[in-house]
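Here is a short briefing to read alongside your model. Keep the viewer open and follow along by residue number.

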Amino acid sequence: MNINATLFAQMIVFAILIWFTMKFIWPPLKQVMDDRAQRIGEGLAAADRSQRDLARAQEQVNEVIREARGKATEIIDQAHARANQIIDAAKAEAIVEAHRQVAAAEAEIVVATNRAREDLRRQVSSLAVAGASRLIKREIDSNAHKALLDELAAEI
């Protein structure tokens, strides 16, 4: 056996193996690797899109939160304003009620004063009649002199 023939036979077998591999094995293997590379690329692109979408969604959430806080602040301010209006209205109503009560009390005082004056006039007239009766030492008819006493009371 000759080394050259073996080497030549091995080269032919190797060339057939390379041709067979390039013709039947390499194309499906390359197709699988290309498909996998494409899926990985699509996955990376989808991940990038997802990150952009997440960033946009986060911005929208932050905007909604800002709007909600603004509305909440506005509602709180309106509530404070309404509370101040209610307090002012209650104060005004209390002042009106106080004035009404003062006026009623003043009217009551005037009525009580007039009543006290009338009672005082009656007492003064009774004392005057009693004093006059003692001075004259006789009884004065109260019915006859009632008109006189009323006139005296009106003058007082």
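Which residues do ring pairs link into a cluster? They are Trp19, Phe20 and Phe24. Before going further, please note that this is a predicted model, in which local features need pLDDT of at least 70, side-chain atom pairs count only at pLDDT 80 or more, and totals for chains, interfaces and linings use all residues. Residues are numbered from 1 along each chain as its sequence is written, and side-chain values use heavy atoms, with hydrogens and water left out.

**Overall picture**

- The chain contains two helices and zero strands; these are DSSP runs numbered from the N terminus, with helices (H or I) of at least four residues and strands (E) of at least two.
- Of the 156 residues in the chain, 3% are buried. Here buried means under 20% relative accessible area, exposed means over 50%, and partly exposed lies in between, with a 1.4 Å probe and protein chains only.
- The accessible surface of the chain is about 13,700 Å², and carbon and sulfur atoms account for 63% of that. Accessible areas come from the Shrake-Rupley method with a 1.4 Å probe, and for residues only the protein chains shown count as cover.

**Aromatic pairs**

- The count is two aromatic pairs, where rings of Phe, Tyr and Trp (its six-membered ring) pair if their centres lie within 6.5 Å; planes under 30 degrees apart are stacked, over 60 edge-to-face, and the rest tilted.
- Trp19 and Phe24 make an edge-to-face pair, with 6.1 Å centre to centre and 90° between the planes.
- Phe20 and Phe24 have ring centres 5.1 Å apart and planes at 45°, so this pair is tilted.
- Both Phe20 and Phe24 belong to helix 1 (residues 3-136), where they sit four residues apart, about one turn of the helix.
- Phe24 counts as partly exposed, at 47% relative accessibility, and Phe20 is partly exposed as well, with a relative accessible area of 39%.

**Salt bridges**

- Side chains of opposite charge can pair when their charged atoms come close.
- The chain has five salt bridges, each defined as a side-chain nitrogen of Lys or Arg within 4 Å of a carboxyl oxygen of Asp or Glu. The pairs described below are among them.
- Glu63 and Arg66 meet through their side chains in a salt bridge of 2.8 Å, N to O. These two lie three residues apart in helix 1, about one turn of the helix. Glu63 is partly exposed, with a relative accessible area of 34%, whereas Arg66 is exposed, with 51%.
- Arg100 and Glu97 form a salt bridge of 2.3 Å, N to O. Being three residues apart in helix 1, Arg100 and Glu97 are separated by about one helical turn. Arg100 is partly exposed at 48% relative accessible area, and Glu97 is partly exposed at 31%.
- Arg122 and Asp119 are joined by a salt bridge between their side chains (3.3 Å, N to O). Both lie in helix 1, three residues apart, about one turn of the helix. Arg122 counts as exposed at 53% relative accessibility, while Asp119 is partly exposed, with a relative accessible area of 36%.
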